[in-house]
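Let's take a friendly walk through a protein model together. Have the sequence and the 3D view ready, and follow along section by section.

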Amino acid sequence: MKMSFRWYGDSDPVSLDYIRQIPGVEQIVSAVYDVPVGEVWPVANIQALKAKIESRGLKLEVIESVPVHEDIKLGKPTRDRLIENYCQSLRNLAQCGIKVVCYNFMPVFDWTRTTLEKELPDGSTTLAFDMETVNKIDPSEGIQLPGWDASYKPEELKLLLAEYSKVDEEKLWSHLEYFLHRVIPVAREVGIKMAIHPDDPPRPIFGLPRIVKNRNDLARLLAIEDTPANGLTLCSGSLGGDFYNDIAAMVREFAGQGRIHFAHLRNVKVNEAGDFYETGHRSQDGSLDMAEIMRAYYQAGYDGYVRPDHGRMIWGETGKPGYGLYDRALGAVYLNGLWEGIAKAETAKST
Ligand code: DNO
């Protein structure tokens with residue numbers, strides 16, 4: 001596996017100079033942040049990002065994310081031009097040596113939490129989600145949560161939500177199919193693996209449909225274009241927000257088929273209702289058996305990209321919720337340690 005670390009560009013308080021000091025991290029996952037959603041990413045911008053990362057001895061092979069314009073998710077007539085732009089961005093990314101593109105198909109809101117600073121018994125703070133709180137929020141009032149696109153004005157958001165009232169789950173699936181039938185052949189041709197990120201949390205919120213939530217959704221998605229270019233970002237924490245999702249089983253199934261291209265690894269403490277908070281990365285910290293998940297990757301022969309996903313805020317660090325340096329660095333080291341231990345044990349078994 002290839003250990004990576006997410007970096008939000010020059011404005012990120014966690015610098016490349018810090019990231020390069022984390023043992024075992026060789027790859028940066030980033031994006032071009034100054035091109036509006038729906039426009040083509042110019043080669044020059046991608047090259048500049050890559051050059052900056054390489055100047056620190058790190059590599060850029062994974063993009064997270066190339067965002068999908070809402071008109072595509074809504075199935076509007078403007079989608080054809082936007083999809084063509086998306087394809088052109090993929091061609092440009094391939095030209096710069098990018099191998100994997102992460103994206104999601106969540107209407108309006110990316111990942112959503114109801115608390116950014118839940119205090120844990122050890123004094124660290126973490127992100128949490130609880131359904132009852134979300135049900136009381138009026139999203140059009142423009143509340144600030146981590147994955148929300150702050151660029152919407154309240155009136156725009158109201159309009160957008162009204163447009164989605166006509167899009168149920170099956171409609172959204174048909175819009176995803178339309179997108180994939182056009183984008184995947186281009187990705188395939190230029191040698192890029194598309195890797196959809198599951199919905200976080202894995203259930204509808206604010207009355208908006210969400211369709212990438214569990215094993216059956218992932219299988220359905222992969223069948224739309226049955227080729228490795230149409231693959232997954234298997235996010236343990238997002239899918240782990242449903243108590244009934246068996247992450248290790250999904251890894252065995254889909255990594256076994258060569259369809260996982262990017263692994264997001266983090267732990268959550270979740271209850272049967274699907275309320276959760278994010279914990280340290282270890283198996284002992286949360287509900288997911290991280291060692292078993294890593295073993296599933298190892299046994300499936302996974303050699304793709306991995307990153308420690310969100311971390312808690314520890315040691316007084318402040319910054320982008322979920323994306324501080326310290327706890328994610330601990331996560332990277334822990335995951336590498338698990339991998340090394342599993343690899344040694346498996347090799348000993350087979351000799
Ligand atoms: C949250 C991330 C998501 C992810 C996008 C991918 O921390 O995992 O924001 O980047 O959903 O498109």
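Which residues are buried in helix 11 (residues 290–299)? In this predicted model, they are Met290, Ile293, Met294, Ala296 and Tyr297. Looking down the axis of helix 11, you would find these buried residues within an arc of 155°, so they line one face of the helix. Here is the general idea behind such a pattern: an α-helix has 3.6 residues a turn, so residues three or four places apart point the same way.

What do the buried residues of helix 11 pack against? Their partners are strand 8 (230–235), helix 9 (236–239), helix 10 (247–256), strand 9 (260–265) and helix 12 (326–350). After helix 11 comes glycine 301, which has a positive phi, near 75°.

Now try valine 101. Beyond its neighbours within four places in sequence, valine 101 is in contact with residues including Ile63, Val66, Tyr86, Leu90 and Met194.

## A valine in helix 12

Is valine 333 buried or partly exposed? This residue of helix 12 is partly exposed, with a relative accessible area of 41%. Leaving out residues up to four places away in sequence, valine 333 touches Ile22 and Pro23. From glutamate 70, valine 333 is 263 residues away in sequence and 37 Å away in space, C-alpha to C-alpha.

Notes:
Residues numbered from 1 in each chain as written. Predicted model: local features only at pLDDT ≥ 70, side-chain atom pairs only at ≥ 80, totals over all residues. Heavy atoms only, no water. Contact = heavy atoms within 4.5 Å. Buried < 20%, exposed > 50% of the residue type's maximum accessible area, 1.4 Å probe, protein only. Helix = DSSP H or I, 4+ residues; strand = E, 2+ residues; numbered from the N terminus. Arc of directions from axis to C-beta.
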